[in-house]
Amino acid sequence: MDTGLKGRRAIVCAASKGLGRACAEALAREGVDLVVTARTPGPLEETAAAIRAATGVRVTAVAGDITTEEGRVAALAACPEPDILVNNAGGPPPGDFRDWDRATWVKAIDANMLTPIFLIRAVVDGMAARRFGRIVNITSASVKSPIPNLGMSNGARAGLTGFVAGLARQVAAHNVTINNLLPGPFRTDRLLTTMRVAAEKAGRAVEEEIELRAQRSPAGRIGDPAEFGAACAFLCAASSGFIVGQNLVLDGGAFNSTMG
Ligand code: NAP
């Protein structure tokens with residue numbers, strides 16, 4: 001498939017590891033120049049260098065916390081007119097909602113709802129004026145099927161999803177699409193963290209917990225981040241302009257429904 005993305009520019013947030021990195025790699029393979037962000041400079045620089053070496057595209061690493069105004073300003077300064085924005089940030093911690101105070105909730109809402117909204121606000125009008133824009137938000141399968149101990153993720157991401165459903169329909173006529181990718185379990189550091197908590201609770205080894213999780217999916221396995229990146233590149237393709245406001249679940253079929 002020719003995605004028609006060669007020479008486009010993308011900001012990929014939270015992309016030194018895991019799903020963000022996989023999206024950056026997939027876009028780079030399509031010839032997209034990148035600004036990648038993460039808080040920790042060392043691994044971010046290493047990722048940027050690896051993508052440059054593998055694909056030859058321009059990759060600018062911007063270290064900073066994307067959930068802060070400062071972090072967002074730095075990312076946008078490095079790429080003021082992106083054609084593609086991939087919104088991503090770390091997920092909120094698991095736990096019992098009885099233990100979460102207001103400050104804890106605000107942090108989760110900031111990271112997983114308001115940060116993508118403010119980045120969209122910063123870029124969407126320019127995309128519309130240039131008549132090309134692809135915005136992909138990495139959310140979670142928990143938006144469709146809540147995960148009991150990830151209440152902050154369930155809530156904050158559902159808020160983003162509601163907002164995006166409305167905005168996506170307002171900008172689609174300008175060839176700007178906004179869609180969400182909803183990961184089920186993918187083998188990343190984040191998965192290991194959540195599986196470790198679940199394993200400890202159940203008195204099992206982490207790998208045993210991961211295997212049990214894999215068996216719960218019709219695909220019988222955990223996802224490979226490269227598969228997630230490929231879906232992101234597909235949504236960003238020039239020919240994907242008619243895919244508007246969708247929530248694409250990548251979970252090996254774990255969400256059980258006839259449609260939707
Ligand atoms: P990961 O492997 O832990 O990678 C997270 C990446 O984001 C790292 O590059 C990290 O680098 C960066 N990051 C985290 N917080 C950041 C911040 N505030 N500002 C800038 N960069 C930040 O996580 P992942 O599995 O790819 O998960 C990505 C998102 O998908 C998360 O929101 C997660 O909850 C969600 N998700 C993942 C799964 C899964 O199975 N993997 C399933 C459902 C949902 P630094 O730490 O250096 O900043």
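How many residues surround the ligand, and which are the closest? There are 29 of them, and the closest are Ser-16, Leu-19, Thr-40, Ala-89 and Thr-188; a residue belongs here if one of its heavy atoms lies within 4 Å of the ligand. Please keep in mind that this is a predicted model, in which local features need pLDDT of at least 70 and side-chain atom pairs count only at pLDDT 80 or more, while totals for chains, interfaces and linings use all residues. Residues are numbered from 1 along each chain as its sequence is written, and side-chain values use heavy atoms, with hydrogens and water left out.

**Around the ligand**

- By class, the shell holds 11 nonpolar, 12 polar and six charged residues; Ala, Val, Leu, Ile, Met, Phe, Trp, Tyr, Cys and Pro count as nonpolar, Asp, Glu, Lys and Arg as charged, and the others, Gly among them, as polar.
- A polar backbone atom of Lys-17 is 3.0 Å from an oxygen atom of the ligand, and a polar backbone atom of Ile-66 is 3.0 Å from a nitrogen atom of the ligand.
- Arg-190 uses its side chain instead, with a polar atom 3.0 Å from a ligand oxygen. A polar contact is a pair of N or O atoms within 3.5 Å.
- On its own the ligand has 890 Å² of accessible area, and the protein covers 91% of that (Shrake-Rupley method, 1.4 Å probe).
- Helix H1 (18-29) and helix H6 (189-202) are the elements that give two or more residues to the shell, and H6 gives the most, with three. Helices are DSSP runs of H or I with at least four residues, and strands are runs of E with at least two, numbered from the N terminus.

**Aromatic pairs**

- The structure holds two aromatic pairs, meaning rings of Phe, Tyr or Trp (its six-membered ring) with centres within 6.5 Å; planes under 30 degrees apart count as stacked, over 60 as edge-to-face and the rest as tilted.
- Trp-100 and Trp-105 pair edge-to-face, at 5.8 Å centre to centre and 80 degrees between the planes.
- Trp-100 is buried at 14% relative accessible area, whereas Trp-105, at 27%, is partly exposed (buried is under 20%, exposed over 50%, partly exposed in between; 1.4 Å probe, protein chains only).
- Phe-186 and Phe-228 have ring centres 5.4 Å apart and planes at 75 degrees, so this pair is edge-to-face too.
- Their pair links distant parts of the chain, 42 residues apart: Phe-186 is in the loop between strand S6 (176-183) and H6, and Phe-228 is in helix H8 (residues 225-236). Both Phe-186 and Phe-228 are buried.

Technical notes:
Polar contact = N/O pair within 3.5 Å; in protein donor to acceptor, adjacent residues only side chain to side chain.
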